[in-house]
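Work through the exercises below with the sequence and the model side by side. Try each task before reading its solution.

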Amino acid sequence: MQAAIALSERGRGLSTPNPNVGCLIVRDGVIAGRGWTQKGGRPHAEAQALEEARDRAEGATAYVTLEPCFHLSPRGPRCADLMARAGVRRAVIALRDPDPRTDGQGADYLRARGVDVEMGLMAEQAAAAMRGFVLRQTLGRPAVTLKLGLSLDGCIALADGSSRWITGEAARAHAHLERARHDAILVGGGTLRADAPRLDVRLPGLEDRSPRRLLLTRHAAPDGWERIARPDDIATLSHVDHLMVEGGAETAAAFLRADLVDRLLLYRAPILIGAGRAGIAGIGLTDLAAAHGRWRLADDRRLGEDRLEVYERVRSA
């Protein structure tokens, strides 16, 4: 299942509006087929894995990160039916599909056709890999990642606004890879006026994965940009399940005040700025005790001379 989850990550930022699912077909201890949801949502992971496995799917075990879809669609067949017709003997499913069009019906369909179904293996990890889809289904909004490039003392720029470059080349390359895994990227009006950011992906071979550009402003957006007036407006965005917020301080604070940040990417450079511009403006905190227990460290690594820390918001299941 861990390998299937890793496959699912390949589709993040590409598969929307469909979930980025991963699937492995295993027969006699050998992988017969691999699949992950393709660009635009089709083909589904199961369909791709079964196509690769062909007749080796008969009697095999399918490891899939999300319950195979049950609902009919003009875009393609339902995966529960494909798996049953292929003769899959056992289906190990990580996460029950929160989409009401499936929500248990895919697993029931397989069981009714003699497939041994197990559900729940590594469900938490699978949900994290498909966070955007899960939050869209449960909270009605995309998953939000807040990215900050900081000095050791928490600054994003000198006092005069100079910010190129706080972090080094390796950290900037990693940030571009993260951009490629999101459907859209957002900045505030101040950042647009000060930096005129391109917000594209400048990594060889991934240039076509540049996300849509969003602007948080009460004024009109320039050509090539989409506008939202408030952080809550992200719920109205179509085909955006993974949103990256890149700044600046007021925009970061606005999303944090609204409790809309699910993941923090903190790129820390080994420099001290002193009286510079803080990475985050006021978030309305009045009780220090309320700040504790809200974030969980999910990753911590070196990127050249810099350090990346990834935190995830602690929320109720």
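**Exercise 1. Cysteines**

Solution. 
- Step 1. Read the distance. A disulfide is counted here when a pair of cysteine sulfur atoms lies within 2.5 Å.
- Step 2. Over the whole structure, the count of disulfides is zero.
- Step 3. Check the surroundings. Cys69 is buried, at 6% relative accessible area. Cys155 is buried too, at 4%. Buried means under 20% relative accessible area, exposed means over 50%, and partly exposed is in between (1.4 Å probe, protein chains only).

A note on the values: this is a predicted model, in which local features need pLDDT of at least 70 and side-chain atom pairs count only at pLDDT 80 or more, while totals for chains, interfaces and linings use all residues. Residues are numbered from 1 along each chain as its sequence is written, and side-chain values use heavy atoms, with hydrogens and water left out.

**Exercise 2. Two helices**

Task: Describe how the axes of helix H3 and helix H4 cross.

Solution. 
- Step 1. Set the limits. H3 covers residues 79-86 and H4 covers residues 105-112. Helices (H or I, at least four residues) and strands (E, at least two) are DSSP runs, numbered from the N terminus.
- Step 2. Take the geometry. The axes come within 9 Å and cross at roughly 20°. H3 is therefore roughly parallel to H4. Angles under 35 degrees count as roughly parallel, over 145 as roughly antiparallel, 65 to 115 as roughly perpendicular and the rest as oblique. The axes are lines fitted to C-alpha atoms, for helices over the stretch in contact, with angles from 0 to 180 degrees between N-to-C directions.
- Step 3. List the contact. From H3 come Ala80, Asp81, Met83 and Ala84; they meet Gly106, Tyr109 and Leu110 of H4. Contact means heavy atoms within 4.5 Å.
- Step 4. Sort the residues. The contact of H3 with H4 has five nonpolar residues, one polar and one charged. Ala, Val, Leu, Ile, Met, Phe, Trp, Tyr, Cys and Pro count as nonpolar, Asp, Glu, Lys and Arg as charged, and the others, Gly among them, as polar.

**Exercise 3. A covered helix**

Task: State how many of the eight residues of helix H6 are buried, and name them.

Solution. 
- Step 1. Count. H6 spans residues 131-138, and six of its eight residues are buried.
- Step 2. Name. They are Arg131, Gly132, Phe133, Val134, Leu135 and Arg136.
- Step 3. Look past the end. H6 is followed by Gly140, with a positive phi near 75°.

**Exercise 4. Backbone exceptions**

Task: Identify which residues a cis peptide bond joins, and where phi is positive in a residue that is not a glycine.

Solution. 
- Step 1. The bond from Thr16 to Pro17 is cis, with omega near 15°. Pro17 is in the loop between helix H1 (2-9) and strand E1 (22-27).
- Step 2. Arg42 and Pro43 are joined by a cis bond, omega about -5°. Pro43 is in the loop between strand E2 (30-36) and helix H2 (45-53).
- Step 3. Met122 has a positive phi of about 55°. Met122 lies between strand E5 (116-119) and helix H5 (123-129), in the loop, and is partly exposed at 24%.
- Step 4. His239 has a positive phi of about 55°. The loop holding His239 runs between strand E10 (226-228) and strand E11 (242-247).
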